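This report describes one protein chain, going from the whole fold to a single residue and then to the spaces inside. The structure comes next.

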Amino acid sequence: MAAAPSAPVSARRQARHVTVFLDVDGVLNSYPVPRLRGMAEGRKKLHAWHYELHYRPSVVEFFDRIVETHEVDVVWLSTWSQRCKSELEPKFGLRNSFDVIEMPDQTHNHFAHDPQQWWKARAIEDWLATHEHGRAIWIDDDLAWPATREYFLEHYSPNRLKLIAPDFAHGLTKAHLREIREFAYPKTGDPTTGDSTTSDPKGTS
C-alpha cells in the first residue's frame with residue numbers, strides 16, 4: 001500500500017516559521033565570567049578551538065527545544081563557522097545540528113560597525129532578499145553598533161526581522177529567550193499580518 005501523502009503546510013503555519021541566526025561569543029559564550037557569578041548562573045566551561053568558553057546549559061537547551069517544538073530553524077552565523085558543527089555542537093551536547101553560514105574571508109568582525117562591509121550583515125541581507133516572506137531573528141552582541149542596528153531597523157519591519165544584541169559579558173538572558181519565543185510564536189496577533197506582508201520585497205517599515 002502506498003504511503004499516505006503528508007499533509008500540506010498551511011499558509012498560517014508557513015507564516016509562523018522563523019529562522020534564528022545565532023552567534024557564539026557574547027551570545028552563548030561569555031568569557032571570563034567571575035567564579036561566583038558562574039556558579040549562580042549554573043555556567044559550565046568547555047575548551048574548543050584553543051579557547052575556553054563559559055556557557056549556560058539552559059540557554060543551549062533552549063535552542064534544542066525551540067526547534068523541536070516551534071516552527072523554527074537555527075543557523076550558525078559566527079566567526080567559528082564550521083567549528084560550530086565540528087566542535088561546539090558535540091561539546092555543548094546539542095541534540096540537533098544546525099546549518100552554518102561560513103565566514104567568507106578573514107575580516108572576522110572588524111567591520112561590524114559598517115552594514116555595507118560586515119560579512120554577517122551581507123549574509124542577512126542576502127537571506128532576506130532570497131526569502132521574500134521569511135521571518136528572522138538575528139542574535140549577535142555586535143548588533144550593539146549603532147550604525148548597523150539602525151540600518152536594519154530602518155530597512156526592515158520588526159514583524160519580519162528581530163535584532164537581539166546581548167551584552168558580551170552576560171550573553172543571552174532569560175528576557176532575551178522570552179523575546180525569541182514571543183516573536184517565534186506570538187500568543188496574540190498574527191504574523192501573517194502587518195508590515196511583513198506588504199508588497200515591498202524587503203518588508204520595509
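## Terms and basis

A residue is called buried when its relative accessible area is under 20%, exposed when it is over 50%, and partly exposed in between (1.4 Å probe, protein chains only). The model is predicted: local features need pLDDT of at least 70, side-chain atom pairs count only at pLDDT 80 or more, and totals for chains, interfaces and linings use all residues. Residues are numbered from 1 along each chain as its sequence is written, and side-chain values use heavy atoms, with hydrogens and water left out.

## The chain as a whole

The chain has seven helices and seven strands. Helices (H or I, at least four residues) and strands (E, at least two) are DSSP runs, numbered from the N terminus. In order from that end, the elements are α-β-α-β-β-α-β-α-β-α-β-α-β-α.

Of the 205 residues, 44% count as buried. Among contacts (heavy atoms within 4.5 Å) with a separation of 6 or more, 71% are between residues 24 or more positions apart.

Strand 2 (residues 44-48) and strand 3 run antiparallel and are joined by five bridges; pairing requires at least two bridges found by DSSP. The two strands form a hairpin with two residues between them, and W49 in the turn has a positive phi of about 50°. A48 stands opposite Y51 of strand 3.

H54 lies in strand 3 (residues 51-55). H54 counts as buried because its relative accessibility is 8%. Beyond its neighbours within four places in sequence, H54 is in contact with L28, N29, S30, Y31, P32, V33, R43, K44 and K45.

## Cavity and pocket

Both kinds of space are found on a 1 Å grid over the protein atoms alone: a cavity is a set of points where a 1.4 Å probe fits but cannot get out, a pocket is an open set with protein on both sides within 12 Å along at least five of seven lines, and lining residues have an atom within 4 Å of a point. One cavity of 30 Å³ or more is found in the whole structure. The largest cavity holds about 40 Å³ of space, and its lining consists of L22, L28, V60, F63, W76, F92, L94 and F98.

The largest pocket has a volume of about 300 Å³. It is lined by 17 residues, of which D25, N29, T79, W80 and F168 are the closest to its centre. Strand 3 gives the largest share of the lining of this pocket, three residues.

Methods
Points joined across faces, edges and corners; volume = space filled by probe spheres on them.
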